[in-house]
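Dear colleague,

I am passing on the structure below, together with some notes on what turned up in it. Please read the notes with the model open beside them.

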Amino acid sequence: MVGAAEYHQTTKHSWWSVRRRAQPLDWANRPGPFKRYRGLTPIPLPTAWPADLHPAATVLSQGRGPGDVRVDAAVLAKLLFCAAGVTRQLHGIAMRAAPSAGALYPIEVYLACGPLEGLESGVYHFDPEHFGLHRLRSGDFRAHLAEAVHPDLASLPASLVLTGIPWRTAWKYRERGFRHLFWDGGTLLANLMAAADASGVTARAVTAFVDGLLAALLGLGEAGTPEEFPLAVVPLGTPEGAGPPRRGVVTPLGLEVEPLSPRPISYPLITAAQRAGELHNLDQVRRWRERARALRGLPASVHVAPTAPGPGLEEVVLRRGSTRRFRPDPVPAPALLWAMAAATRPVAGDFVAPGHTLLQHDLIVHAVEGVDPGSYRWTPAALQPLARGDFRPQARVLCLDQPLGGDGAYTVFHRCRLEPLLEALGSRGYRAAQLEAGVVSGRLQLAVFALGVGATCLTFYDDAVAGFFRSPAETMLVTACGFPAYRARPGRRPG
Ligand SMILES: Cc1cc2nc3c(=O)[nH]c(=O)nc-3n(C[C@H](O)[C@H](O)[C@H](O)COP(=O)(O)O)c2cc1C
């Protein structure tokens with residue numbers, strides 16, 4: 001069995017590995033970005049929904065509001081749109097609310113709910129193409145979901161499940177595509193949780209569950225469907241009564257899905273890395289969660305002073321689009337100091353002790369008002385200087401020789417000490433660290449876009465980053481921030 005440590009080592013990028021493994025993309029075998037069920041007509045979602053209760057800057061600084069707004073079809077529509085909706089068309093590609101490497105969109109979103117205003121109880125698949133829901137199961141399956149995840153889920157009105165289809169991203173990134181599932185899942189989660197906070201809906205990210213039970217409930221991996229992994233569960237809302245008793249058994253859906261491409265390719269290393277982290281029963285889930293809750297990692301940013309209120313969260317989501325060219329001009333200090341503090345708040349979840357994080361964040365500052373150019377370590381208490389100097393050329397090289405890595409105002413390397421993490425939480429902990437990196441990057445992007453600055457995720461040469469910062473942590477993901485060198489057009493709501 002290939003564990004996370006071996007997977008990570010094998011899929012590192014170096015100057016040599018990237019050139020040695022370079023291959024042209026097989027455009028004729030490109031996977032489609034939408035999961036299309038044959039014979040199912042999507043149920044349209046509402047396209048009018050309640051306005052945000054709080055501005056984006058408040059939400060990003062402080063997290064959830066009162067958290068007791070009732071979940072109904074309109075609220076769900078808003079959350080689904082802000083997390084995974086189609087916001088604009090670019091060069092024939094349906095671009096989504098959250099960033100996704102190569103615009104390949106490997107993440108699918110499912111919903112299991114009791115009876116809600118505007119929606120019958122059931123298990124659904126979110127269809128971003130038509131902004132609707134495919135009904136996969138009729139009836140209340142929350143008790144089944146609770147058996148796969150946590151008993152509390154039976155009495156919550158609804159839960160979303162994020163899954164990943166490896167072939168969509170492995171088409172371009174091959175074995176490294178397993179990392180991409182969690183990065184893209186994380187950026188989507190950042191949008192989803194921020195939209196829930198802005199709407200007054202309680203949400204958290206649950207990473208421990210019985211993989212097999214969850215997959216069976218959603219019909220993942222059934223004959224005639226692509227390989228697809230459950231990644232995270234997001235319970236929504238507050239408990240409503242005792243929840244329904246468990247009725248019946250989960251039978252195969254027996255639904256057919258349009259093939260993603262003429263010849264989908266399975267990557268054994270990806271499948272093995274996912275399997276290595278699986279939990280097989282609720283007892284294992286409980287024990288993993290206990291170990292995770294005891295893991296102190298590093299302190300996260302708990303008290304974040306809010307900045308000027310600015311636009312609503314939905315407006316920021318529509319504004320966001322990965323910056324393709326940066327201006328070298330300095331950004332104001334809050335675009336680093338406030339944005340990093342907001343992005344590195346604890347993620348409400350089950351994978352680390354409350355108030356803590358699995359990550360450390362090392363920065364190269366190029367042009368930020370009041371901050372000398374150089375390398376730094378971010379901590380909630382201070383931006384600790386490591387070395388002074390103009391490191392733009394080095395930053396470009398570290399980010400896979402991409403100019404975006406050094407052209408903007410600053411570049412953040414989201415990193416993790418893998419050894420102690422894997423010792424405590426095994427391969428499942430690796431999934432959580434990659435997911436948290438995606439969440440932090442997603443939040444950082446929302447934060448800087450709220451201030452009128454731009455950003456993009458970037459990939460990187462793994463060991464070169466460790467060498468630059470002279471620290472043994474492994475890099476999980478990179479985010480570069482700065483003013484865009486052009487005026488970007490915002491996206492639009494459906495309808
Ligand atoms: C995990 C991740 C890695 C990415 N890596 C790169 C990268 O190395 N270079 C780049 O130019 N863009 C990168 N991007 C940006 C994507 O290409 C971009 O999100 C995608 O094209 C969708 O466009 P949008 O973000 O404007 O909606 C990355 C995005 C994500 C989420």
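In what follows, a residue is called buried when its relative accessible area is under 20%, exposed when it is over 50%, and partly exposed in between, with a 1.4 Å probe and protein chains only. By that definition 6 of the 8 residues of helix H6 (residues 166-173) are buried, so this helix is largely enclosed by the rest of the structure.

Two remarks on the source come before the rest. This is a predicted model, in which local features need pLDDT of at least 70 and side-chain atom pairs count only at pLDDT 80 or more, while totals for chains, interfaces and linings use all residues. Residues are numbered from 1 along each chain as its sequence is written, and side-chain values use heavy atoms, with hydrogens and water left out. Helices (H or I, at least four residues) and strands (E, at least two) are DSSP runs, numbered from the N terminus.

To return to H6, its buried residues are Pro166, Trp167, Arg168, Thr169, Ala170 and Trp171. Taking contact as heavy atoms within 4.5 Å, these residues pack against strand E4 (107-113), strand E7 (158-164), H7, strand E8 (229-236) and helix H9 (268-276). After H6 comes Arg174, which has a positive phi, near 45°. Helix H9 contains Thr271, which counts as buried because its relative accessibility is 17%; leaving aside neighbours within four places in sequence, Thr271 is in contact with Glu227, Phe229 and Ser266.

Two strands are said to pair if DSSP finds at least two bridges between them. The antiparallel pairing of E1 with E6 runs over 2 bridges, and Pro44 has Gly132 in E6 as its bridge partner. In the loop between strand E5 (122-127) and strand E6 (132-138) lies Phe131, whose phi is positive, near 45°, in a residue other than glycine; Phe131 is also buried, with a relative accessible area of 7%.

For the angles, axes are lines fitted to C-alpha atoms, for helices over the stretch in contact, and angles run from 0 to 180 degrees between N-to-C directions. The axes of H4 (residues 73-84) and helix H7 (residues 177-199) come within 7 Å and cross at roughly 145°. This crossing is right-handed, where right-handed means that the near helix is turned clockwise from the far one by less than a right angle, and left-handed that it is turned anticlockwise. Lys78, Leu79, Cys82, Ala83 and Ala84 in H4 meet Leu188, Asn191, Leu192, Ala195, Ala196 and Ser199 in H7. By class, this contact of H4 with H7 has 8 nonpolar, 2 polar and 1 charged residues, where Ala, Val, Leu, Ile, Met, Phe, Trp, Tyr, Cys and Pro count as nonpolar, Asp, Glu, Lys and Arg as charged, and the others, Gly among them, as polar.

A second open sheet of 6 strands has the order E13-E12-E11-E14-E16-E15, again with antiparallel pairing. Its edges are strand E13 (383-388) and strand E15 (454-458), each with a single partner strand, so one side of each is left without a neighbour in the sheet. On average, neighbouring strands of this sheet are turned by 25° against each other, direction ignored. E15 and strand E16 (residues 474-482) pair in the antiparallel sense over 5 bridges, with Gly454 opposite Gly482 in E16. Helix H16 (residues 462-469) lies across strand E11 (360-365), strand E12 (374-378), E13, strand E14 (410-416) and E16, and runs at about 105° to E14.

Finally, a loop residue may be worth a look. Pro332, in the loop between helix H11 (313-319) and helix H12 (334-343), is partly exposed, with a relative accessible area of 33%. Not counting residues up to four places away in sequence, Pro332 touches Val368, Glu369 and Phe483. The C-alpha atoms of Pro332 and Val453 are separated by 9.4 Å, although the two residues are 121 residues apart along the chain.

With best regards
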